[in-house]
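Good morning. I will take a few minutes to walk through one structure. Please keep the sequence and the model in view while I talk.

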Amino acid sequence: MNYKETVSYLFSVVPSFQKVGTAGYKEGLSNTLALDEHFGHPHLKFKTVHVAGTNGKGSCSHTLAAMLQATGLKVGLYTSPHLVDFRERIRVNGKCISKKYVIDFVKNEREFFEPLSPSFFELTTALAFKYFAEKKVDIAVIEVGLGGRLDCTNIITPEVSVITNISFDHTQFLGDTLAKIAAEKAGIIKEGIPVVIGETTPETKPVFERIAAEKKAPIYFAEEGLCPARIAELFEALLPHFELKGTYQRKNLHTILQAAEILQIPQEAIQKGLENVCESTGLMGRWQTLQKQPLVICDTGHNVGGWEYLSRQIAEQSCRQLRIVFGMVDDKDINTVMEMLPGNAVYYWTQATTKRAIPAEKVAVYGEQHHLKGTIYNNVESAYKQALKDADKDDFVFVGGSSYIVSDLLEKLNF
C-alpha cells in the first residue's frame, strides 16, 4: 500500500471516533497495554508532559512544545485530530512523521494488531510512542484524546500533568455533570506528579483538590488572581509576544506559563516559543488569518465552552458586514451555540465531510429557530467561495463551528 492507501486502511479497518463517532470509541486500556508490551514499552524511553481538558489542550500542547524546542531539546508532539494530513498528529521538533514510517508500521505490524481490533486512537498512540522512542526524543508533549482516566495516553507518567478546563462535551462518555467530567479528566493525575489546573468552577475545583490530595500530587491553579506573583509578572510581560491571538488564549497562557515554571523553562525560551508557535509546531486553525481583504479568520472552536470566547471576539470585529460559514457535528450542543451567534451576520450553512456532520439543511433549520438568516451549501468549499464572492473588502468572514469545517477548508486551500 502507498501512503494514501495506508491512511484509508487505518480509517476504514480501525474504527475512528473522528470519522464515525461513538462506534469508534473504546473504553479501557487493555488494547493499549497489549500494544505497549508488544513494542517494548516505548513510552518509558522519554520524558513526557500530559495535557487534558475540554478546550485549549491543543493550543497549550503546541505552545509548550514550542517552548521546549526553544531550549534545544528534541521534542515529540502528539495531538488530535489532524486538520489536513494524518501525519500532523505525530511530530518531532515540528516535523511530521514520515509517510514511509506510517506505511511500514502498518505493513509490518498489522498481523499483530488486527486480531486485537484496536480503535484508531489506540493504534495511532502506539505508533506515536514507538516513533518518539526510535527518534530518541528528550521529551514529548502528549495531548489526551478523550477524557483522561481511560484514555490510552494515560499509561505515561509525566513530568507535569495539565488540565486546561472543564465544560460539557462528550457527555455520553464522560458524564452529565461538570463534577463527573472533571473526575474523568483528573484521571491523568499521577502519584506525586505536579498538576496544573487552568480553570475551575465551584463544581470542579473540589474534585481536583480531592484527587490531587489522594495522589499526593502538588496542585497549581493557574487562573487569573490565583497564580503566583512571578507567573502574573511573566504573563503581563509575555502576552504581547504570544503569536496565537484568539481571546481564549489569554486563559491558556496562564496555564502554559504555570506548566513552564514547573518544567523550569528559561524565560528566553518561553518568549521564543510564544513568538513562533505555528512555525515551530505546525499549529493551524486557532484564530488563523487566511487573508486580509476581506479579513478571513478560521477557528476550530467546536463546543459551547469554545464559543463563549469566539462569539465575543467575532462581535468585537469592526467591519461593514459579518459573514459566517458555519456547520457542526452531531454530538455538540448546537442550540446553545446558536444562541451565542450574532444576529446581524449573513450565514452560509454547510456540512463537513464526516459522517458525524449535521446536514446543512438541518443546521439551517436550527438557524431559523434562532432567527439567523442564511443559505444552504452542501460542502464547505462552495459555502466559502460564495462568502468571498459576496464580501466587500471591508467585510469580515469567519469559518468554523467544527474542527472538520476548518479541516475541509484548509485542505481545499492546500495548507
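Before the first example, one term: a salt bridge is a side-chain nitrogen of Lys or Arg within 4 Å of a carboxyl oxygen of Asp or Glu. The general idea is that side chains of opposite charge can pair when their charged atoms come close. One caution as well: this is a predicted model.

Now the example. Arginine 320 makes a salt bridge with aspartate 395, and their closest N and O atoms are 3.0 Å apart. Where do arginine 320 and aspartate 395 lie? Arginine 320 is in the loop between α14 (304-315) and β11, while aspartate 395 is in the loop between α17 (380-390) and β14 (396-400), so the pair ties together parts that are 75 residues apart in sequence.

Are these two partners buried or exposed? Arginine 320 has a relative accessible area of 51%, and the cut-off for exposed is over 50%, so arginine 320 is exposed. Aspartate 395 is at 2% relative accessibility and counts as buried, because buried means under 20%.

The pair also belongs to a network of salt bridges, which links Arg320, Arg323, Asp392 and Asp395. How many salt bridges does a search of the whole structure find? The search finds 14.

Two other salt bridges can be pointed out. Lysine 393 pairs with aspartate 394, with the closest N and O atoms 3.6 Å apart. Aspartate 394 is partly exposed, at 40% relative accessibility. The other salt bridge joins the side chains of glutamate 114 and arginine 110, at 3.2 Å from N to O. Here both partners are partly exposed: glutamate 114 has a relative accessible area of 33%, and arginine 110 has 30%.

Next, charge on the surface. Which residues gather in a patch of positive charge? They are Lys45, Lys74, Lys95, Lys135 and Lys136. Take lysine 136 from that patch. It sits in the loop between α6 (120-134) and β5 (139-143), and lysine 136 is exposed, with a relative accessible area of 64%.

For a contrast, look at lysine 332. This lysine is in the loop between β11 (322-326) and α15 (334-340). Its relative accessible area is 12%, so lysine 332 is buried. The C-alpha atom of lysine 332 is separated by 34 Å from that of isoleucine 231, and the two residues are 101 residues apart along the chain.

Isoleucine 231 brings us to the helices. Helix α10 covers residues 229-238, and its buried residues are Ile231, Leu234, Phe235 and Leu238. Why are they on the same side of α10? Because they cover an arc of only 105° around the axis. The face turned away from that buried side carries the exposed residues Ala229, Glu233 and Glu236.

Last, the backbone. Which residues does a cis peptide bond join? Proline 81 is in the loop between β2 (75-78) and β3 (90-92). Another joins glutamine 293 and proline 294, again with omega about -5°. Proline 294 is in the loop between β9 (288-291) and β10 (295-299).

There are also positive phi values in residues other than glycine. Asparagine 93 has a phi of about 50°. Asparagine 93 lies in the loop between β3 and β4 (95-96), and its relative accessible area of 38% makes it partly exposed. For tryptophan 287, phi is near 45°. Tryptophan 287 lies in the loop between α13 (277-281) and β9, and it is buried, with a relative accessible area of 10%.

To go back to the start: in this predicted model, arginine 320 and aspartate 395 tie together parts that are 75 residues apart in sequence. That is the end of my talk.

Technical notes: Residues numbered from 1 in each chain as written. Predicted model: local features only at pLDDT ≥ 70, side-chain atom pairs only at ≥ 80, totals over all residues. Heavy atoms only, no water. Patch = residues over 30% accessible without salt bridge, like charges linked within 9 Å, V, L, I, M, F, W, Y side chains within 5 Å. Areas by Shrake-Rupley, 256 points an atom, 1.4 Å probe, with all protein chains shown as cover. Lys, Arg positive; Asp, Glu negative; His and termini not counted. Charge placed at Lys NZ, Arg CZ, Asp CG, Glu CD. Helix = DSSP H or I, 4+ residues; strand = E, 2+ residues; numbered from the N terminus. Buried < 20%, exposed > 50% of the residue type's maximum accessible area, 1.4 Å probe, protein only. Arc of directions from axis to C-beta.
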